[in-house]
Amino acid sequence: MTASEALLPDPSQGVILAPSPWLPLAVVGLGLVSLLLNLWLSLAVSLFGLFLLIQSQILRLQFSADALLVWRGSTVLRRFPYSEWLNWTLFWSPIPVLFYFREQRSIHFLPVLFDPKTLCEQLNIHVSTQP
């Protein structure tokens, strides 16, 4: 095993969420529909949707034994220890689009760029504070 392989998210160290392109594609679609209203609005919304689509393919969330890890390639960008979580929720339950969680010192809002069903299951397993 090479040094770079050792730094990739290891599925044996926790569940890695599969990417879900549905929210970014919906935002791109909304941008295209807004073309009927305003060219600049359409461009801005569509570019944001493309940004989210790229992020959904680059970033990975991993539920390790003691923290939620945010990976980009072989680098852990952020580590959120479960012991610091106060609460969490997924907004718009029929089609979850926004993931909110609060830690002792900060709050976070993340677009749902990953499988929402597995995200909810893992949150229920790892975080004792349920919505």
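Predicted model: local features only at pLDDT ≥ 70, side-chain atom pairs only at ≥ 80, totals over all residues.
Trainee: What makes up the chain, in helices and strands?

Mentor: The chain has four helices and seven strands. From the N terminus, the elements run α-β-α-α-β-β-β-β-β-β-α. The C-alpha trace spans about 50 × 40 × 25 Å along its principal axes. Of the 131 residues, 35% are buried.

Trainee: Why is phenylalanine 63 called buried?

Mentor: Buried means under 20% relative accessible area. Phenylalanine 63 has 1%, so it counts as buried. This residue sits in strand β2.

Trainee: What does phenylalanine 63 touch, leaving aside its neighbours within four places in sequence?

Mentor: Its contacts include Gln13, Gly14, Val15 and Leu17. Leu68, Tyr82, Leu119, Gln122, Leu123 and His126 are also in contact with phenylalanine 63.

Trainee: Is isoleucine 125 buried or exposed?

Mentor: Exposed means over 50%. Isoleucine 125 has 58% relative accessibility, so it counts as exposed. Its place is in helix α4, residues 116-126. The C-alpha atoms of isoleucine 125 and phenylalanine 63 are separated by 9.6 Å. Along the chain, these two are 62 residues apart.

Trainee: And serine 34: buried or exposed?

Mentor: Serine 34 has a relative accessible area of 8%. The cut-off for buried is under 20%, so serine 34 is buried. Its place is in the loop between α2 and α3. Not counting residues up to four places away in sequence, serine 34 touches Leu41 and Ser42.

Trainee: How do you know that the span of helix α2 agrees with its 12 residues?

Mentor: Take 1.5 Å times one less than the number of residues. For the 12 residues of α2, residues 22-33, that should give 16 Å. The end C-alpha atoms are 16 Å apart, so the two values agree.

Trainee: Which residues of α2 are buried?

Mentor: Leu23, Pro24, Val27, Val28 and Gly31 are buried in α2. They cover an arc of only 140° around the axis, which puts them on the same side of α2. Trp22, Leu30, Leu32 and Val33 are exposed on the other side.

Trainee: Why do residues three or four places apart point the same way in an α-helix?

Mentor: An α-helix has 3.6 residues a turn, so residues at that spacing point the same way.

Trainee: What do the buried residues of α2 pack against?

Mentor: They pack against α3 (39-58) and β7 (107-111).

Trainee: How many residues does the largest nonpolar core have?

Mentor: The largest nonpolar core has 23 residues. Among those with the most contacts inside it are Phe63, Trp85, Phe99 and Leu123. Elements that give two or more residues to this core include α2, α3, β2 and α4. Leucine 123 touches Phe63, Trp85, Trp88 and Phe99, not counting residues up to four places away in sequence.

Trainee: What is the strand order in the open sheet of three strands?

Mentor: The order is β5-β6-β7, with antiparallel pairing.

Trainee: Why are β5 and β7 said to stand at the edges?

Mentor: Each has a single partner strand, so one side of each is left without a neighbour in the sheet. The twist averages 15° from one strand to the next.

Trainee: What makes β5 and β6 a pair?

Mentor: Two strands pair if there are at least two bridges between them. β5 and β6 have six bridges, so they count as paired, in the antiparallel sense. Tyrosine 100, in β6, is the bridge partner of threonine 89.

Notes: Residues numbered from 1 in each chain as written. Heavy atoms only, no water. Buried < 20%, exposed > 50% of the residue type's maximum accessible area, 1.4 Å probe, protein only. Arc of directions from axis to C-beta. Contact = heavy atoms within 4.5 Å. Core = buried A, V, L, I, M, F, W, Y, C linked by side-chain atoms within 4.5 Å. Axes fitted to C-alpha atoms, helices over the stretch in contact; angles between N-to-C directions.
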